[in-house]
Amino acid sequence: MKKGIPSYQKIADDIRNDILDGKYPKGSILPSLRVLSHKYGVSRFTINQALEILSGIGIIDIKHGSGCYVCYCDENKSINWLSLFNTSTLPNAWWEQRIKKEQNRTPFIAQTPGLSLDFNTRHILKTALNKAAERIFEQESYETIDIQGLPSLRRIYSEFLRKQGLKVTENELLIVSGGALAISIVFHSLLSCGVNVFHPENFLYNSINKLKDTKANLIPLSIDMEGISSQQLAKYSKLFNNAVLYTEPTGSEPDGVSISMNRKKEILDIIVNSPVPIIENEQKRYYRLTADSVKTFQEMYSDKVIYIDTVANVICPHLQVAAIVAPPLLIQRFCDIKIQLEFHSSAISQLILEEILMSDEFELFLNDLPEKLTGRCDHFEALLKKYCAGILEWERPYAGIYFWLKYNGAANLSAVVESLNCNPAFKLRIQAGKRFVPSDTKHFALCYTNTDVHEIESSILILCEELKNCM
């Protein structure tokens, strides 16, 4: 038995392995508390803790007065969400301070720079601001804001998401101040339980220190052109208990790889027959370069999915409104954590988003956005071919806001990136590869959406000159 692991966790792992090996077949009853206590040389309380873990992840069903029945791989058994997501109270403001620190750091803000004004977002935002201001002056919005979000916005937001194909009601929706806080709320509740997190190997949030300071067991899954490996997921879902799968299905940063529908079906076949739920972070869903209808995990199997949406970023990355979609019981847990992490919610930002979602102009904008993004991507790639061929290599992204570029020279890319970020004439957002993969010294990410089209060419010329001077 490994040192540093609680006795109840070791016992839970041991019993789970016995179940997987067939010692306790599905439908059989585990030995009594007295027998297990004697076998492992611990108290009945410790055995109870181990059994609660197994019950929480769906391996056994505890029927008081009858016994513990093995029900592993029972696809009809729903997840015991509350065994995976906890509401531990925060002893001080450490978490809130960390979130604010991360949100205010320039490299962190640069991860979601949004769209430049020449994507015609200005008029939609201006109209929404004016209408929200009218409502404020008419005192319609002076009511106490619900911790779950403005009721009117939750109703309109849930209607909007249903049009996108999601299965959601306003009671299954939590409004928070931005995507970073949404992820923080979900991860805080998970990590307080020591949950294993399966995630894409190029895991952007590895760079956020708040995850490194937790007891999370981060387990990377390899990626190919169809997305995360379903074979690895199938293997790990049997080896690790108390686990969740974190996904960025559309345009997973930094290389823009999206999970194909075929791969999604493979993943769901595994999820349906295991106690592993999915956290689906779809902050790049609206940055697809095609208008093809792509189903989300939430749409395909809502009972096992927590969904994160940030449509506000498309209009203005500083609007700071995001949504978490989850079962109502779990939403209440997230509300408890939100109270601890967020002193207030901006009613004004929520009113602005409400006006945006009700706008016919915004619906047309979203419909036209894939074509506009494709045109910008084509223009950006043509300039790369014109000026950077032989210096850089890249794959065209499927979605997202970055090109993932490889440089084979000997230059210190971190120094190059720092130099470019300090150059006022360089208008593109650039990040060194180690921001995404700590050991990566050859790649960097270049955003093609945040700069007006007439400024792109001059910035690419500056980039190429900088790299040539370092060769």
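**Working through the model**

Tutor: Let's start at a single residue. Lys468 sits in helix H19. Keep in mind that this is a predicted model.

Student: Is Lys468 buried, partly exposed or exposed?

Tutor: Lys468 is partly exposed, with a relative accessible area of 41%.

Student: How far is Lys468 from Ile391, in sequence and in space?

Tutor: They are 77 residues apart in sequence. C-alpha to C-alpha, Lys468 and Ile391 are 7.8 Å apart.

Student: OK, zoom out. How many helices and strands in the protein chain?

Tutor: The chain has 19 helices and 15 strands. It runs to 471 residues, and 54% of them count as buried.

Student: And what share of the contacts comes from residues 24 or more positions apart?

Tutor: 73%, taken over contacts with a separation of 6 or more.

Student: Let's do helix H16. How many of its residues are buried?

Tutor: Nine of 11, so helix H16 (residues 347-357) is largely enclosed by the rest of the structure.

Student: Which ones are they?

Tutor: The buried residues of H16 are Ser349, Gln350, Leu351, Ile352, Leu353, Glu354, Glu355, Ile356 and Leu357. Note that Glu354 and Glu355 are on that list.

Student: What covers the buried residues of H16?

Tutor: The cover includes helices H7 (122-137), H8, H14 (312-315) and H17, along with strand E3 (173-176).

Student: Now aromatics. How many aromatic pairs?

Tutor: The count is nine. Take Phe198 and Tyr236 as one of them. Their ring centres are 6.2 Å apart and their planes meet at 35°, so the pair is tilted.

Student: Where do Phe198 and Tyr236 lie?

Tutor: Phe198 is in strand E4 (residues 196-200), and Tyr236 is in helix H11 (residues 230-239). The pair therefore ties together parts that are 38 residues apart in sequence. Both Phe198 and Tyr236 are buried.

Student: What about Phe403 and Tyr448, how are their rings placed?

Tutor: That pair is edge-to-face, because the planes are at 80°, with the ring centres 5.6 Å apart. Phe403 lies in strand E13 (residues 402-407). Tyr448 is in the loop between strand E15 (443-447) and helix H19 (453-470). So this pair ties together parts 45 residues apart in sequence.

Student: Are those two buried or exposed?

Tutor: Phe403 is buried, at a relative accessible area of 0%. Tyr448 is buried too, also at 0%.

Student: Which residues form an aromatic cluster?

Tutor: Tyr157, Phe160, Tyr286, Phe362 and Phe365 form one. Phe160 is also among the residues closest to the centre of the second largest pocket.

Student: Which lysines sit over a ring?

Tutor: Here are two cases. Lys63 lies over the face of Tyr69, 5.0 Å from the ring centre. The charged end of Lys264 sits over the ring of Phe297, at 5.4 Å from its centre.

Student: Back to loops. Where is Lys442?

Tutor: Lys442 is in the loop between strand E14 (430-432) and E15. It is partly exposed, with a relative accessible area of 33%.

Student: What does Lys442 contact, leaving aside neighbours within four places in sequence?

Tutor: Leu405, Lys406, Tyr407, Asn408, Gly409 and Leu413. The C-alpha atoms of Lys442 and Lys406 are separated by 5.6 Å, yet these residues are 36 apart along the chain.

Student: Last one. What is phi of Gln320?

Tutor: It is near 55°, a positive value in a residue other than glycine. Gln320 is in the loop between H14 and strand E11 (322-325). At 34% relative accessibility, Gln320 counts as partly exposed.

Note on methods: Residues are numbered from 1 along each chain as its sequence is written. This is a predicted model: local features need pLDDT of at least 70, side-chain atom pairs count only at pLDDT 80 or more; totals for chains, interfaces and linings use all residues. Side-chain values use heavy atoms; hydrogens and water are left out. On a 1 Å grid over the protein atoms alone, a cavity is a set of points where a 1.4 Å probe fits but cannot get out, and a pocket is an open set with protein on both sides within 12 Å along at least five of seven lines; lining residues have an atom within 4 Å of a point. Rings of Phe, Tyr and Trp (its six-membered ring) pair if their centres lie within 6.5 Å; planes under 30 degrees apart count as stacked, over 60 as edge-to-face and the rest as tilted. Helices (H or I, at least four residues) and strands (E, at least two) are DSSP runs, numbered from the N terminus. Buried means under 20% relative accessible area, exposed over 50%, partly exposed in between (1.4 Å probe, protein chains only). A charge sits over a ring if NZ of Lys or CZ of Arg is within 6 Å of the ring centre and within 35 degrees of the ring normal. Contact means heavy atoms within 4.5 Å.
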